[in-house]
Amino acid sequence: VVFFGHDGKLYCIWRMEPVQIVLELDRAKVVRTWKSKTPELSYGIPRGGTQPVPFNGKWLRFCHVNQQNNRSERSYCYHMSAVVMEPEPPFQILRFSDRPILTGNEQYFPGHNYWKPKVFYTCGAVPEADGWRVAIGVNDSQCATVKLNEKDLNL
């Protein structure tokens, strides 16, 4: 679930796949619902993500993508993708990164009580002069930020 404001209204991206569902909210009440088909993504299922930020007349978000692999001891791996959306309702997703921006790894962080390898998720994005600073959670045990520029988006 991703909350964001636009033109004085509160919205929530409730789901991204296979259909994106966006809710317009008035406090705790849903006043309008939009559904739009999500483009296919070749490297997993998109979920969650950051609030939208302006990008070349559109909106840009970052999401995590869960890829299942039943041939591996750990049957999952998370990736980061950029998401380009229309800037007005229904906020149609136009495209995802052609390939992952980042891929989860198995790094262990000593001193943490919990560790889940190959996992990371996007939390928030802040535009900077030459790109974006994206907050991420790493392997369910560490917080970090990554600096991305337009070339990093793989669009």
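Two strands count as paired when DSSP finds at least two bridges between them. Keep that in mind as you tour this predicted model.

Select leucine 23 in your viewer, then look across to strand S4, where its bridge partner is threonine 33. Strand S4 spans residues 29-37 and runs antiparallel to S3, joined by eight bridges. Now select arginine 27, in the turn of the hairpin that S3 and S4 form with two residues between them. Arginine 27 has a positive phi of about 60 degrees.

**Next: back along the chain.** Is strand S3 mostly covered or mostly open? Colour residues 19-26 and you have S3, which is mostly covered, with six of its eight residues buried. On the way to S2, you cross a hairpin of three residues.

**Then: the surface.** Stay in strand S2, residues 9-15, and pick leucine 10. Leucine 10 is partly exposed, because its relative accessible area is 35%, between the limits of 20% for buried and 50% for exposed.

Select residues 120-128 and 142-148 to show S11 and S13, the edge strands, each pairing on one side only. The sheet has three strands in the order S11-S12-S13, with antiparallel pairing. Its neighbouring strands are turned by 20 degrees against each other on average, direction ignored. Finish with S12, residues 131-138, which pairs with S11 over eight bridges; there, valine 138 is the bridge partner of phenylalanine 120.

Definitions and conventions:
Residues are numbered from 1 along each chain as its sequence is written. This is a predicted model: local features need pLDDT of at least 70, side-chain atom pairs count only at pLDDT 80 or more; totals for chains, interfaces and linings use all residues. Side-chain values use heavy atoms; hydrogens and water are left out. Helices (H or I, at least four residues) and strands (E, at least two) are DSSP runs, numbered from the N terminus. Buried means under 20% relative accessible area, exposed over 50%, partly exposed in between (1.4 Å probe, protein chains only). Axes are lines fitted to C-alpha atoms, for helices over the stretch in contact, and angles run from 0 to 180 degrees between N-to-C directions.
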